[in-house]
Amino acid sequence: MKLSKFIASNLEIILMEWEDFAGSLAPLEDATKIELRDHAAAVLRVIAKDLDTPQTEHESIAKSHGKAVSSENNTAAELHAEERVAAGFSGEQVMAEYRALRSSVLRLWAKRNELTTGDDIQDIIRFNEAIDQAQTESMARYTHMLREAQNLFLAILGHDVRTPLGAVSMGAQILLMDQTLPSKALKVGLRILNSSKRMDAIIRDLLDFSTTHLGYGIPIDPRTIDLLEICQHTLDEAKTFHPDRKFELVAEGNLTGTWDGQRIGQAFSNLISNAIQHSSAHSAIRITIIGSTQEITYTVHNEAEVISPKVLRTLFDPIKRFAIRPPSERVGPRMQNLGLGLYVVKEIVTAHLGDVSVTSSADDGVTFTVRLPRQVPQRRRND
């Protein structure tokens, strides 16, 4: 009996095994029969239909990689993943369901049939490809839903934290305006104000991180600006917070163009802060901004230890950067920060149709290079 016909004829028996296994998983220990089976019957019918559908070698390979093209907006496997997220399943438990389904079908089929022909082997190959495709669809939808929920949580958290932080900042400013206070109290007020500004910058990066991962990208509002003015302002802020550090600025060419000044300033600030953090206290940080006919090139250079190729590949991805850190650098003072700043830099530059890159060597140190295309200046009504 062909495997497709076996599945159709023994659907209830297969579903009972699926139901028994699903019921053994903690989230569904007290679930109903409908919840246990969920979209299993639909998944199996799709697989049975696929087994009877002719396919090319290219289609076979694509399916084994989980890249088969589906005409459906929501496949049975994707809907199954949504139900399992709602039920509280972990990713490992969703994967386990498909492993159990694969095993059950092939084992029950082998009990009823002597599998010796080339057609039997081909059916097994086709079945495994179809299971791989369904599993990939489920896990893709599962991870997308969790990632979206996590980013929405971070966005809400960032907005909620900003309200009390604003009150702290305003209170510090009121203290600083009261000249009757002793100098010690004024110093404390200044320290509170500076710390609140740094916290606000961190929260801003967190909000940008969560917003871009929700699929909206970094919002920009281009207008005619002078990048040298923005660069100088950013550098002045860095000197205020780090008066002991040495900064060198070189500017050449026409630096006027159409960009979002506030966002570009944020990117410049993040790059300079990164250079300060990852360089020795006695070394100079060199900033160069050059305007050519086609683009603006902005570089930040600092002396630092060589960055390994492995780290360079994930430098603009904070999640992957954190994942490859050794346990000793995930807690305590060595954790430093979450690395959101460089991620935000990349998103801002990308929103301006530019690119950012980094090089690192023992002789030349670390250099970040931003290239921004020169767009036609467009004045807004109130610009």
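Ala, Val, Leu, Ile, Met, Phe, Trp, Tyr, Cys and Pro count as nonpolar, Asp, Glu, Lys and Arg as charged, and the others, Gly among them, as polar.

## Model and confidence

This is a predicted model, in which local features need pLDDT of at least 70, side-chain atom pairs count only at pLDDT 80 or more, and totals for chains, interfaces and linings use all residues. Residues are numbered from 1 along each chain as its sequence is written, and side-chain values use heavy atoms, with hydrogens and water left out.

Mean pLDDT (the predictor's confidence in each residue, from 0 to 100) is 83 for the protein. Of its residues, 88% reach 70 or more. Residues 379-383 stay under 50. The model gives this stretch seven contacts (heavy atoms within 4.5 Å) beyond four places in sequence. Where pLDDT is low, the predicted coordinates should not be read in detail.

## Overall fold

The protein has 14 helices and seven strands. These are DSSP runs, numbered from the N terminus: helices are H or I of at least four residues, strands E of at least two. Among contacts with a separation of 6 or more, 73% join residues 24 or more positions apart.

## Two cavities

The whole structure holds two cavities of 30 Å³ or more. A cavity is a set of points, on a 1 Å grid over the protein atoms alone, where a 1.4 Å probe fits but cannot get out; lining residues have an atom within 4 Å of a point. Grid points are joined across faces, edges and corners, and a volume is the space filled by probe spheres set on the points.

The largest cavity contains about 50 Å³ of space. E17, W18, F21, A22, E97, A100, L101 and S104 line it. The lining is five nonpolar, one polar and two charged.

The second largest cavity has about 40 Å³. Its lining is I264, A267, F268, L271, V345, V349, V370 and L372. α11 (261-277), α14 (340-351) and β7 (365-373) each give at least two residues. α11 has the largest share, with four.

## Helix α7

α7 has 22 residues and reaches 33 Å from first C-alpha to last. That is close to the expected 32 Å, taken as 1.5 Å times one less than the number of residues. Its buried residues include E97, A100, L101 and S104. E97, A100, L101 and S104 also line the largest cavity. In an α-helix, residues three or four places apart point the same way, because there are 3.6 residues a turn.

Notes:
1 Å grid on protein atoms, 1.4 Å probe; cavity = no way out; pocket = protein on both sides within 12 Å on 5 of 7 lines; lining within 4 Å. Buried < 20%, exposed > 50% of the residue type's maximum accessible area, 1.4 Å probe, protein only.
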